[in-house]
Amino acid sequence: MIDLNHGSGCIYGQDAPRPPIATAVSSAIDAALTARNRAERPRTYVSSSGLGRDCLRQIQYDFLAEPKDKGQEFEPRILRIFEAGHRAEDIVAGWFRIAGFDLRTERPDGRQFGFEAMAGRFKGHIDGCFVSGPVAMEYPALWENKALGASSWKDVVKRGVSIARPVYAAQIALYQAYMDLPNPALFTALNRDTMELHAELVPFDARLAQEMSDRAVTVVQASAAGEWLPRMATEPTAVVCRGGMAGGKWHAPCAWAGRCWRGGGV
């Protein structure tokens with residue numbers, strides 16, 4: 001039998017080597033993304049997007065823009081995903097508009113709609129607000145959109161956003177409260193792999209909104225007093241520190257875990 005693959009360099013069971021141009025292009029883009037991210041000014045406020053995390057000290061580290069552990073800066077791959085998520089909002093918003101929804105995503109001057117409290121030390125920016133539309137639901141309604149990988153998307157579809165991703169639910173409740181949009185919010189999740197769109201209505205949870213608002217106050221006041229808030233975990237191997245699933249809840253790895261456990265709050 002003639003070996004038609006003779007001399008091809010193909011080795012079964014191994015990935016094909018990347019062409020030099022692919023490596024060069026990726027390296028150039030990754031370097032640019034990393035440089036752009038490092039040049040961005042750190043936030044100087046508690047962000048509504050992270051208040052649903054379990055550990056108060058992790059939220060406090062983020063608020064104070066404390067240096068992350070070595071190697072914990074966002075990798076270029078993650079920066080690409082973040083950017084894709086932002087662009088996904090424009091894509092989904094466009095779909096809603098051609099379907100006949102009146103969706104407002106920015107002010108006349110081009111800025112996002114949002115809120116701020118505590119002299120600007122607590123802020124949030126919404127994806128948009130539905131004023132009217134062809135679907136029977138209560139208007140006006142908050143719009144919150146996420147672009148998710150297939151596994152996360154399927155989890156949200158199966159269990160609903162409030163159970164599958166409580167951090168998102170906390171964010172939604174805060175927006176409903178501070179933007180005076182108590183009608184059920186329309187949450188959408190775009191599957192980055194298949195472009196399928198999931199949608200669900202999220203009733204206003206006043207208790208959750210108050211709890212998250214109180215958390216923001218706690219973080220700001222403790223930081224102003226030079227006090228470190230308690231950790232959620234009792235050991236550095238806890239899932240809330242190293243990341244992973246626990247009790248059906250996903251925790252991203254803490255970017256300050258090493259610093260936290262080596263020297264407490266300092």
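**View 1. Strand β6 and its parallel partner β7.** In this predicted model, strand β6 runs parallel to strand β7 (residues 185-191), and six bridges join the two. Strands here are DSSP runs of type E with at least two residues, numbered from the N terminus, and two strands pair if DSSP finds at least two bridges between them. Look for Lys146, whose bridge partner in β7 is Ala189.

**View 2. The covered faces of β6.** Eight of the eight residues in β6 (residues 141-148) are buried, that is, under 20% relative accessible area with a 1.4 Å probe, counting protein chains only. On one side sit Ala141, Trp143, Asn145 and Ala147, and on the other Leu142, Glu144, Lys146 and Leu148.

**View 3. Strand β5 beside β6.** Strand β5 (residues 128-132) runs antiparallel to β6, joined to it by three bridges. Cys129 stands opposite Leu142 in β6, and Cys129 is buried at 13% relative accessibility.

**View 4. Cysteines without disulfides.** The structure holds zero disulfides, a disulfide being a pair of cysteine sulfur atoms within 2.5 Å. For Cys254, the nearest cysteine sulfur is that of Cys241, 6.3 Å away. Cys254 is buried, with a relative accessible area of 11%.

**View 5. Ser47 in strand β1.** Ser47 lies in β1 (residues 46-47) and is buried at 13% relative accessible area.

**Notes for all views.** Residues are numbered from 1 along each chain as its sequence is written, and side-chain values use heavy atoms, leaving out hydrogens and water. Local features need pLDDT of at least 70 and side-chain atom pairs count only at pLDDT 80 or more, while totals for chains, interfaces and linings use all residues.

Definitions and conventions. Helices (H or I, at least four residues) and strands (E, at least two) are DSSP runs, numbered from the N terminus. Buried means under 20% relative accessible area, exposed over 50%, partly exposed in between (1.4 Å probe, protein chains only).
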